[in-house]
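Open the structure in your viewer and keep the selection tool at hand. We will go from stop to stop, with something to select at each one.

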Amino acid sequence: MKTDLYKKIKVVKGENFVTIEDSKNLAEYELIRLINDLMNQSDVKNTKNINILVESKFSEQVDSELRQNGFKLHDENVTVRKELDTHITVEQFYPLKTLNELRENEFKTIWQKSMEGSLNAPSSLNIDEQMRSVEVELGPGYKDSCIVAYEGENPIGVIMPHIEPGTKEEGRIFYFGLIPEERGKGKSKPLHQQALASLKNQFDASYYIGSTSHNNKPMLKTFERNGCRVLERNKVYKRKM
């Protein structure tokens, strides 16, 4: 049954995108069936951006099937997990302001700056589309998750902690990044600690799921230093209209 396939995976829908996660729960023949079924659904097929995360266990046959359906390999992501059931040490606290305290254009300018020179593969969405995706995916409380960190009066980066929609305790960080001139100064580790503490204390998360590109060595090191363990590696395939 096709419906059984969808029970095994996670489908995230935004205004201009659909993302398929948890392909590891499928057998290879099931994933191939899923790809073909998705491309026969007009609402999915006509979506501007379709992303499928493919667990590394799958063979080249899945890659071939995706390419035949217009997908291209975009990146490879490393997914990590950390339990938040014990005290989280934060080595340095940075002053934070949420979108409730900032003008949206001001927040978007800082967020966009924090993406400059990122080692992650670039998003298929522009900054306005990304902002709208946050609003759609996170719902009415999205402004609480849009946070700028400061050192004195100067913004140093953006953290976006939230509870994953459809769950009660899964903490995620929609975006984490320092602006270019603040990188390489030892600020990533404590700011990530602060984001984890926020997930636990403000959002009541019991665990954290994070991911980054396999090319983003500094973020992978931050995960490691803050006690995150690797869960899986996924190839990210994208199809853009």
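Start in the loop between α7 and β9, where you will find D204. Keep in mind throughout that this is a predicted model. Phi of D204 is near 60°, a positive value in a residue that is not glycine. Is D204 buried or exposed? With a relative accessible area of 56%, D204 is exposed, because the cut-off for that class is over 50%.

Now select D22, in the loop between β2 (17–21) and α2 (28–38). D22 is not a glycine either, yet its phi is positive, at about 65°. Its relative accessible area is 27%, so D22 counts as partly exposed.

**Helices α7 and α8**

Go back to α7 (residues 188–201) and show it together with α8 (residues 217–225). Two packed helices are described by the angle between their axes and the distance between the axes. Here the axes come within 9 Å and cross at roughly 60°. That makes α7 and α8 oblique to each other, and their crossing is right-handed. To see the contact, show the side chains of S188, K189 and H192 on α7, then M219, T222, F223 and R225 on α8. Colour the contact of α7 with α8 by class and you get two nonpolar, three polar and two charged residues.

**Aromatic pairs**

How many aromatic pairs does a search of the whole structure find? There are three. Select F107 and W111 for one of them: the ring centres are 5.8 Å apart and the planes stand at 45°, so this pair is tilted. Both residues sit in helix α5 (residues 104–115), and because they are four residues apart there, about one helical turn separates them. F107 and W111 are both buried. Another pair joins Y208 and F223; this one is also tilted, at 6.4 Å centre to centre with 55° between the planes. Y208 belongs to strand β9 (residues 207–213) and F223 to helix α8, so that the pair links distant parts of the chain, 15 residues apart. Y208 is buried, with a relative accessible area of 3%. F223 is buried too, at 3% relative accessibility.

**Helices α5 and α6**

α5 passes α6 in a right-handed crossing. On the α5 side, select E104, F107, K108, W111, Q112 and M115; they meet I127, D128, Q130, M131 and V134 of α6. The residues in this contact of α5 with α6 are six nonpolar, two polar and three charged. F107 and W111, from the tilted ring pair, are thus among the α5 residues that meet α6.

**K113**

Stay with helix α5 and pick out K113. K113 is partly exposed, with a relative accessible area of 32%. Which residues does K113 touch, leaving out those up to four places away in sequence? Select I179, P180, E181 and R183 to see them. Then draw a distance from the C-alpha of K113 to the C-alpha of V158: these two residues are 45 apart in sequence and 9.5 Å apart in space.

**Helices α2 and α4**

For the last stop, show α2 with helix α4 (residues 60–68). Are α2 and α4 roughly parallel or roughly perpendicular to each other? Their axes come within 10 Å and cross at roughly 5°, and angles under 35 degrees count as roughly parallel, so α2 and α4 are roughly parallel to each other. Select E28, L31, I32, I35 and N36 in α2, and you will find them meeting Q61, V62, E65 and L66 in α4. By class, the residues in the contact of α2 with α4 are five nonpolar, two polar and two charged.

Note on methods. Residues numbered from 1 in each chain as written. Predicted model: local features only at pLDDT ≥ 70, side-chain atom pairs only at ≥ 80, totals over all residues. Heavy atoms only, no water. Axes fitted to C-alpha atoms, helices over the stretch in contact; angles between N-to-C directions. Helix = DSSP H or I, 4+ residues; strand = E, 2+ residues; numbered from the N terminus. Parallel < 35°, antiparallel > 145°, perpendicular 65-115°, else oblique. Left-handed = near helix turned anticlockwise from the far one by under 90°. Contact = heavy atoms within 4.5 Å. Nonpolar A, V, L, I, M, F, W, Y, C, P; charged D, E, K, R; others polar. Phe/Tyr/Trp six-rings, centres within 6.5 Å; stacked < 30°, edge-to-face > 60°. Buried < 20%, exposed > 50% of the residue type's maximum accessible area, 1.4 Å probe, protein only.
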